[in-house]
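Please look through the following model together with the explanation below, which moves from individual sites to the whole chain.

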Amino acid sequence: MGTFRIEGGHSLKGEINPQGAKNEALQILCAVLLTPEKVTIHNIPDILDVNKLIHLLKQLGVKIEKTGKGSYTFQSDELDLDYLTSEKFKQEGSGLRGSIMLVGPLLGRFGKGYIPRPGGDKIGRRRLDTHFEGFIKLGADFRYNKEERFYGVEAKNGLTGTYMLLEEASVTGTANIIMAAVFARGKTTIYNAACEPYLQQLCNMLIRMGASIKGVGSNLLEIEGVEELSGCTHTILPDMIEIGSWIGLAAMTKSEITIKNVSWDHLGLIPTNFRKLGINIEKRGDDIFIPAHKDGYEVQSFIDGSIMNISDAPWPGFTPDLLSIILVVATQARGSVLIHQKMFESRLFFVDKLIDMGAKIILCDPHRATVIGHDFQSQLKATTMVSPDIRAGISLLIAALSAKGTSIIHNIEQIDRGYENIDERLKAIGARIERIA
Ligand SMILES: CC(=O)N[C@H]1[C@@H](OP(=O)(O)OP(=O)(O)OC[C@H]2O[C@@H](n3ccc(=O)[nH]c3=O)[C@H](O)[C@@H]2O)O[C@H](CO)[C@@H](O)[C@@H]1O
Ligand SMILES: C=C(OP(=O)(O)O)C(=O)O
């Protein structure tokens with residue numbers, strides 16, 4: 001279990017270059033299985049989850065070449081599909097959430113796809129019904145081995161396009177179904193599709209490879225099946241969740257930080273929601289400039305004066321992945337705010353650590369927490385904690401950087417799962433953080 005030691009209470013200053021988006025990279029890497037031709041991808045983040053997926057692709061026989069920092073070529077012309085039913089895959093395939101998206105492209109191109117129950121954050125139930133119901137609608141046979149927790153889909157005679165209304169706008173589910181449907185006979189219509197920038201990027205990449213997809217960016221997609229796809233070049237967007245994390249870090253540590261090349265047009269409601277906490281976010285070209293909030297920041301109120309509420313919703317709503325960060329930043333705001341995590345039922349439990357540090361939070365139920373901000377009148381106190389999931393982990397790290405004294409965070413693999421070289425990048429802007437195990 002890796003550990004960070006953090007000496008808090010110091011302001012930071014400088015420029016940050018956001019990494020490539022984790023959740024986009026996981027989709028895009030799976031899409032390289034759709035063609036025997038070479039696919040070049042730039043801006044791949046060097047993080048645990050992505051490296052695990054690249055390892056799985058290698059085991060599957062994909063020819064992989066690293067051509068520069070964050071740049072790789074992939075060629076899926078001689079795959080070893082037997083790996084998919086091997087004991088090794090049953091172990092390795094369950095190491096991350098994103099591996100579930102290997103199934104769609106394999107089913108579409110080879111008529112079969114298998115996956116052990118995927119890993120990822122333990123933040124509540126994470127069912128896969130949307131994925132498999134979509135494959136079944138396209139004509140696949142489905143089986144699930146409960147003992148081994150191993151899923152399989154097969155379509156000996158190929159897939160056939162159809163209309164489907166997804167039960168929920170699942171992000172990885174939509175990506176999976178799209179990647180199967182690009183080879184289905186005829187037209188597939190997906191309604192209630194997720195439409196995060198991750199998915200827009202995936203669809204645009206598939207279109208460049210020769211797929212026919214209409215409705216990109218909306219929740220109604222129409223896919224006309226094709227016989228084959230060709231190679232392409234794709235560049236991953238900056239990670240909007242990392243960008244939100246840097247905004248929160250800057251405010252909470254009263255630091256002046258410039259976040260470079262954020263691809264502002266793809267940030268949706270992220271700036272709006274940080275502004276609800278009174279955080280000053282300046283757009284400078286495609287950069288975000290956060291001034292040092294020397295006098296703190298004040299929670300805004302609604303037009304009718306009622307208490308501020310920040311909640312998640314499927315895109316273009318506010319991403320659930322930033323609510324933990326919003327929550328920690330609220331602990332030092334002037335005023336109170338209700339944080340409502342609608343999607344996941346176990347993602348707010350980490351607040352007990354913040355309460356230990358002196359934050360004023362009432363966990364109303366597993367989905368809702370009321371935060372009464374300190375307005376920096378009282379600093380959080382350093383403590384020892386264990387990072388329970390990726391976003392709680394970065395939130396605790398932000399809390400530790402603002403706290404008085406030296407904190408210890410264990411299980412930082414959770415943070416490394418999604419944040420590239422976080423300790424060195426923080427040090428570069430003045431943070432006192434050491435990786436001690
Ligand atoms: C690898 C990856 O890309 N992971 C992201 C992906 O996970 P993932 O694709 O696994 O998440 P899903 O979109 O399937 O669902 C997330 C949760 O939200 C619930 N749900 C979903 C849609 C909906 O309309 N209503 C609803 O309640 C689901 O029941 C589930 O509990 O999307 C999540 C939701 O943005 C993010 O937190 C994860 O970071
Ligand atoms: C929940 C997340 O990741 P995963 O879906 O990979 O567990 C996340 O990125 O916040």
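**From one buried site to the whole fold**

D321 counts as buried because 25 C-beta neighbours lie inside 10 Å, where buried means 20 or more other C-beta atoms within 10 Å of the residue's own, exposed means 12 or fewer, partly exposed lies in between, and C-beta atoms are placed from the backbone. This is a predicted model, in which local features need pLDDT of at least 70 and side-chain atom pairs count only at pLDDT 80 or more, while totals for chains, interfaces and linings use all residues. Residues are numbered from 1 along each chain as its sequence is written, and chains are lettered from A and ligands numbered from 1 in the order in which they are written.

D321 is found in the loop between β17 (308-311) and α10 (323-330); helices (H or I, at least four residues) and strands (E, at least two) are DSSP runs, numbered from the N terminus. Leaving aside neighbours within four places in sequence, D321 is in contact with I241 and R391, a contact being a pair of residues whose C-beta atoms, placed from the backbone, lie within 7 Å. In an unreviewed entry, UniProt lists D321 under "binding site", together with R97 and M343; UniProt positions are given in the numbering used here, feature names are shortened, and annotations may be inferred rather than shown by experiment.

R97 has its place in the loop between α3 (87-92) and α4 (103-110), and R97 counts as partly exposed because it has 19 C-beta neighbours inside 10 Å. Not counting residues up to four places away in sequence, R97 touches P118, G119, G120 and T172.

Both R97 and D321 are among the residues around ligand 2, which also include K22, N23, D49, I390 and R391; a residue is near a molecule if its C-beta atom, placed from the backbone, lies within 6 Å of it. The elements that give two or more residues to this shell are α1 (22-31) and α12 (390-402). By class, the shell around ligand 2 divides into one nonpolar, four polar and six charged residues, where Ala, Val, Leu, Ile, Met, Phe, Trp, Tyr, Cys and Pro count as nonpolar, Asp, Glu, Lys and Arg as charged, and the others, Gly among them, as polar.

Around ligand 1 there are 19 residues, of which N23, S170, V171, T172 and M343 come nearest. α6 gives the most to this shell, with three residues, and the shell around ligand 1 has seven nonpolar, seven polar and five charged residues.

The protein is divided into domain 1 (3-19 + 238-435) and domain 2 (22-235), with bounds that come from an automatic or database domain assignment. The shell around ligand 1 draws at least three residues from each of these domains, and the shell around ligand 2 likewise draws at least three from each. The C-alpha centres of domain 1 and domain 2 lie 31 Å apart, and 19 residues of domain 1 are in contact with 15 residues of domain 2.

For the protein as a whole, the secondary structure comes to 14 helices and 23 strands. The radius of gyration is 22 Å, close to the 22 Å that the globule rule gives for 437 residues, so the protein is as compact as a globular protein of that length; this radius is taken over C-alpha atoms, and the rule is 2.2 Å times the number of residues to the power 0.38. Buried residues make up 49% of the 437 residues.

Terms used
Two residues are in contact if their C-beta atoms, placed from the backbone, lie within 7 Å.
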